[in-house]
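Please keep the structure in view while reading the points below.

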Amino acid sequence: KNVYLLYGDEAYLKRQLLSRLLGALDVTEDDMNYSVFEGDSLNSAEIATTINTLPFLSERRVVLIKNSGFCSHGDENLENAISSLPDSSYVIFCENEVKKNTRLFKAISSAGTVQECVMPNENTLMTWIVGRAKRADKRMTTGAWNAFFKATYANKETQNMDYMNNEFEKVLAYCQDRSEITEADVEAIVSPQYMDKIFDMINAIGAKDIKTVMRLYEDLLVLKESPTKILSLICRMFRHLLILHDEAGERIPVDAYAQKLNVPSFVVQKYLRMGMLKKFPYDTVKELLNDALDTLQKIRSGQLNERIGVELLMIKYCH
């Protein structure tokens, strides 16, 4: 096609597709028949003139328009240029947002190809990452993929392919001398961001913020963490708090606390920085752990639905 529109908030996909398009068109940055226009203060008349200019000593002219906003508010100059493209001109729009009711968008759709770039589903992401492992002559176990997905997809602020790509580069470097990537490898290298949600949940319970607690709980369920696993992680943190309460009167260095709890130092620092010992007095921690154990027993014996059981426990300690 002579015109393409790549749009959406998944920057990694847009860059990959753009790179493949430019490669297929045999374009390099210093090509005199390749023009790049970027920004939201562009002169559309100038761009239209460039589009209509015949290539110099070449079969094609390529025009790239990035982050212009033209596909959101429309532009008559570009609409006319796209509607009467010379066969030798190839135009690529690369935008964050579009409005499909603009005449420019319709002209691009009619004359060429439109591709929305959004975060793929889990199966597609798995194919991508496992495929990258295979190209690096490594096998990625199912447990490794599950751990990688949970750690990279849990935080919406970093829920993008660029972040996953960077984290997987770290994993490949860590496993460079081995042919298999295991769950332990991922846990050693990739930031376990789903644990941040557990921290935030406990903090919200301490603040009696049931709305935030339930939102974070739903986020974890979307990540395919089972309610029982979520409750186990919460209990683990409260066991840490119980030990910290026991040692509270002694001046023990953070590193010594971390060694005693068998966690990294930053975890202890986070407990202290968030004021967890004040939010959850010793008796409250003991009561919650007893209630959690009772809930787990009822779930495992079939007396209580696991999702409802965990919800009821959290609601109780938010009141």
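A cavity is a set of grid points where a 1.4 Å probe fits but cannot get out. The model described here is predicted. Counting cavities of 30 Å³ or more gives one.

**The cavity**

- Rolling a probe the size of a water molecule over the atoms shows where empty space is left.
- The largest cavity has a volume of about 50 Å³.
- Its lining is formed by Ile205, Leu231, Ile234, Leu288, Leu313, Met314 and Tyr317.
- Two or more lining residues come from each of the elements α12 (227-246) and α17 (306-316).
- Which classes of residue are found in the lining of the largest cavity? There are seven nonpolar residues, no polar residues and no charged residues.

**The nonpolar core**

- The largest nonpolar core contains 44 residues, and those with the most contacts inside it are Ile198, Met201, Phe238 and Met314.
- At least two residues of this core are supplied by each of α10 (193-206), α11 (210-222), α12, α13 (254-261), α14 (265-273), α16 (282-300) and α17.
- Helix α12 gives the largest share of the core, with 10 residues.

- Tryptophan 145 and phenylalanine 149 are separated by about one helical turn, because they stand four residues apart in helix α7 (residues 142-153).
- Are these two residues buried or exposed? Tryptophan 145 has a relative accessible area of 2% and is buried; phenylalanine 149, at 6%, is also buried.
- The rings of phenylalanine 148 and phenylalanine 168 have centres 5.7 Å apart, and their planes meet at 80°, so this pair is edge-to-face.
- This second pair links distant parts of the chain, since phenylalanine 148 belongs to helix α7 and phenylalanine 168 to helix α8 (residues 161-174), 20 residues apart.
- Phenylalanine 148 and phenylalanine 168 are both buried.
- Ring pairs join Trp145, Phe148, Phe149, Tyr153 and Phe168 into a cluster.

**Charges over rings**

- The charged end of arginine 60 is placed over the ring of tyrosine 90, at 5.8 Å from the ring centre.
- The charged end of lysine 270 is placed over the ring of phenylalanine 199, at 4.6 Å from the ring centre.

**A residue in helix α16**

- Leucine 296 belongs to helix α16 and is buried, with a relative accessible area of 8%.
- Leucine 296 and valine 310 are 14 residues apart along the chain, and their C-alpha atoms are separated by 8.7 Å.

- Most residues other than glycine have a negative phi.
- Asparagine 67, which is not a glycine, has a positive phi near 50°.
- Asparagine 67 is located in the loop between β3 (61-66) and α3 (70-73), and its relative accessibility of 33% makes it partly exposed.
- Lysine 208 also has a positive phi, of about 60°, although it is not a glycine.
- Lysine 208 is located in the loop between α10 and α11, where it is partly exposed at a relative accessible area of 47%.

How values were computed: Residues numbered from 1 in each chain as written. Predicted model: local features only at pLDDT ≥ 70, side-chain atom pairs only at ≥ 80, totals over all residues. Heavy atoms only, no water. 1 Å grid on protein atoms, 1.4 Å probe; cavity = no way out; pocket = protein on both sides within 12 Å on 5 of 7 lines; lining within 4 Å. Points joined across faces, edges and corners; volume = space filled by probe spheres on them. Nonpolar A, V, L, I, M, F, W, Y, C, P; charged D, E, K, R; others polar. Buried < 20%, exposed > 50% of the residue type's maximum accessible area, 1.4 Å probe, protein only. Phe/Tyr/Trp six-rings, centres within 6.5 Å; stacked < 30°, edge-to-face > 60°. Lys NZ or Arg CZ within 6 Å of the ring centre and 35° of its normal. Core = buried A, V, L, I, M, F, W, Y, C linked by side-chain atoms within 4.5 Å.
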